[in-house]
Amino acid sequence: QVQLVESGGGLVQAGGSLRLSCAASGLTFGTYPMGWFRRAPGKEREFVAAISWSSDSTYYQDSVKGRFTMSRENATSTVYLQMNALKPEDTAIYYCAADRRRYSGIVRARESAYEFWGQGTQVTVSS
């Protein structure tokens, strides 16, 4: 059974930082491209960042470029999202997800490209 478990969310002031983690089990983690998505209150879930299985490629939503960094550690089956210079508009539930296509060097932003999802972790940024 595949499980993706996010952690690291919390309450932070604007300008602060958080590091989200997503621990995976039940899948050959090192072969899957991974993504982070978020759902803000009253909005649709949206793409945040993605990383290829080999870490060669990353892709970010324009609004987080230069502030967020996604990385992965295949040895521990964990993917990270380092979030700096946080803004109130970053407030959301953050989800990690595993892409359907193993070994793909292409990182994708569409939700339908992802097969497995975590339950999410809440990030709240106060002004």
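A disulfide is here a pair of cysteine sulfur atoms within 2.5 Å. The views below show a predicted model.

**View 1. The disulfide of Cys22 and Cys96.** By this criterion the count comes to one disulfide. Cys22 and Cys96 form this link, with their sulfur atoms 1.9 Å apart. The pair joins distant parts of the chain, since Cys22 lies in strand E3 and Cys96 in strand E9, 74 residues apart. The link is right-handed, with 45 degrees about the S-S bond. Both Cys22 and Cys96 are buried.

**View 2. Strand E11 and its partners.** Strand E11 spans residues 121-126. Thr121, Val123 and Val125 make up its covered face, whereas Gln122, Thr124 and Ser126 make up the uncovered one. Strand E2 (residues 10-13) runs parallel to E11 and is joined to it by four bridges; in this pairing Gln13 stands opposite Ser126. Strand E9 (residues 92-99) runs antiparallel to E11, with three bridges between them, and Ala92 stands opposite Val123.

**View 3. The largest nonpolar core.** This core has 29 residues, and those with the most contacts inside it are Met34, Trp36, Met70, Val79, Leu81, Met83 and Tyr94. Among the elements that give two or more residues to the core are strands E3 (18-25), E4 (34-39), E9 and E11. A second, separate core of seven residues includes Phe37, Phe47, Ala50 and Tyr114.

**View 4. The surroundings of Met83.** Neighbours within four places in sequence are left aside in this view. Met83 is then in contact with Gly16, Ser17, Leu18, Leu20, Arg67, Phe68, Tyr94 and Val123.

Methods: Residues numbered from 1 in each chain as written. Predicted model: local features only at pLDDT ≥ 70, side-chain atom pairs only at ≥ 80, totals over all residues. Heavy atoms only, no water. Buried < 20%, exposed > 50% of the residue type's maximum accessible area, 1.4 Å probe, protein only. Pairing = 2+ DSSP bridges. Core = buried A, V, L, I, M, F, W, Y, C linked by side-chain atoms within 4.5 Å. Contact = heavy atoms within 4.5 Å.
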